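This report describes one protein model in terms of its fold, core, aromatic groups and charged contacts.

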Amino acid sequence: MENNVLIFRMITGEDIICSYHKMDSKTYLFLDPMMMMVKFKGKDSTVLMEYWLPIEVIKSNSVVVGSEKIITSFEPKDSLKEYYLNLAEKLHVSLERIKTVENMDSEEMVEILEAMEESKGHLLH
C-alpha cells in the first residue's frame with residue numbers, strides 16, 4: 001500500500017506531517033499527525049516531532065481537517081518520510097502494548113510480575 005505523506009502548513013503556523021486521505025474537495029483525514037519543528041544551529045538543523053493529538057485520551061490517532069485550516073502542503077524528503085513512518089509504526093506498537101496491559105485482569109498481571117521476579121539475576125544471553 002502506498003503511503004501518502006505530506007507536511008501541511010496550518011493557518012496557526014504549525015507544520016503537521018502525516019499520512020492522509022483527501023476525503024473530498026474540502027476535507028482531509030489526517031492519520032498519525034505529528035507537529036514538526038526544524039531547529040537551526042549554524043549550518044546544522046534538527047527535526048523535532050511531537051504528537052499533535054492527545055493520543056492518551058482518544059480512541060484513534062486521526063482527525064478530519066477542513067481545507068480552510070490549511071495554508072499549503074509540501075512533499076517531505078524521502079529520508080524524513082521514512083523517519084516519520086518508522087516513528088508512527090513505533091507509536092502503533094506502543095499503543096497496542098498499552099491496550100494489552102489495560103485489558104489484563106489482575107491474575108494475569110500477577111503472573112507476569114512473578115515471572116519477572118523469578119528471572120532476576122539470570123542472564124538473557
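The sections below proceed from the basis of the model to individual residues.

## Basis of the description

The model is predicted: local features need pLDDT of at least 70, side-chain atom pairs count only at pLDDT 80 or more, and totals for chains, interfaces and linings use all residues. Residues are numbered from 1 along each chain as its sequence is written, and side-chain values use heavy atoms, with hydrogens and water left out.

## Overall architecture

The protein contains 2 helices and 6 strands, arranged along the sequence as β-β-β-β-β-β-α-α. Helices (H or I, at least four residues) and strands (E, at least two) are DSSP runs numbered from the N terminus.

Of the 125 residues, 25% are buried; buried means under 20% relative accessible area, exposed over 50%, and partly exposed in between (1.4 Å probe, protein chains only). Contact denotes heavy atoms within 4.5 Å. Among contacts between residues at least 6 apart in sequence, 51% join residues at least 24 apart.

## Nonpolar core

The largest nonpolar core comprises 22 residues, and Phe8, Ile17, Phe30 and Tyr84 have the most contacts inside it. Two or more residues each come from strand E1 (5-10), strand E2 (15-24), strand E3 (27-41) and helix H1 (78-102). Such a core is a set of buried Ala, Val, Leu, Ile, Met, Phe, Trp, Tyr and Cys residues joined through side-chain atoms within 4.5 Å.

Leaving aside neighbours within four places in sequence, Phe8 is in contact with residues including Asp15, Tyr20, Tyr28, Phe30 and Ile70.

## Aromatic groups

The structure holds 6 aromatic pairs. Rings of Phe, Tyr and Trp (its six-membered ring) pair if their centres lie within 6.5 Å; planes under 30 degrees apart count as stacked, over 60 as edge-to-face and the rest as tilted. The ring centres of Tyr28 and Phe30 are 6.5 Å apart and their planes lie at 55°, so this pair is tilted. Both Tyr28 and Phe30 are buried. One aromatic cluster is formed by Phe8, Tyr20, Tyr28, Phe30 and Trp52.

## Salt bridge

Side chains of opposite charge can pair when their charged atoms come close. The structure holds 1 salt bridge, defined as a side-chain nitrogen of Lys or Arg within 4 Å of a carboxyl oxygen of Asp or Glu. Arg9 forms a salt bridge with Asp15, with the closest N and O atoms 2.4 Å apart. Arg9 is partly exposed at a relative accessible area of 31%, whereas Asp15 counts as buried at 15% relative accessibility.
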